[in-house]
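Please consult the sequence and the model shown here alongside the text.

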Amino acid sequence: FIGKPGGSILIGQAHGHPASITPGTVTAKTMSPLDASTSASLQIPIYGIDAMDGPTSGSPAAMHRVVPDGTITDNIGTTSNNFNIGRQSLEIWGKKR
């Protein structure tokens, strides 16, 4: 979202992918069609962090990404390998301008 001068700019979004609570379903370790459509609509990269395995505090979790053209990259990094979501989001968002 680009607002008035001095306002906020959304360059990316990140969220966790917890285990499904619906019986008989499993959370996939990738990005969803909803993530892809939201990325395209907002023209920003969206990152998903695997939270379905219930890692203990401090253990790494895999991260995945979808960009506005719908390209999904699984296992793009982990929460413990100094992966910079902010910097990467700004680079991707900047190329769209």
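How many helices and strands does the protein chain have? There are two helices and four strands, where helices (H or I, at least four residues) and strands (E, at least two) are DSSP runs numbered from the N terminus. This is a predicted model, in which local features need pLDDT of at least 70 and side-chain atom pairs count only at pLDDT 80 or more, whereas totals for chains, interfaces and linings use all residues. Residues are numbered from 1 along each chain as its sequence is written, and side-chain values use heavy atoms, with hydrogens and water left out.

**Sheet and helix**
- From the N terminus, the elements follow the order β-α-β-β-β-α.
- The four strands form an open sheet, E1-E2-E3-E4, with mixed pairing (two strands pair if DSSP finds at least two bridges between them).
- Strands E1 (13-17) and E4 (72-78) are at the edges with a single partner strand each, so one side of each lacks a neighbour in the sheet.
- Strand E3 (residues 62-66) runs antiparallel to E4, joined by four bridges; Arg65 has Thr73 in E4 as its bridge partner.

- Of the 97 residues, 28% are buried (under 20% relative accessible area, 1.4 Å probe, protein chains only).

Methods. Buried < 20%, exposed > 50% of the residue type's maximum accessible area, 1.4 Å probe, protein only.
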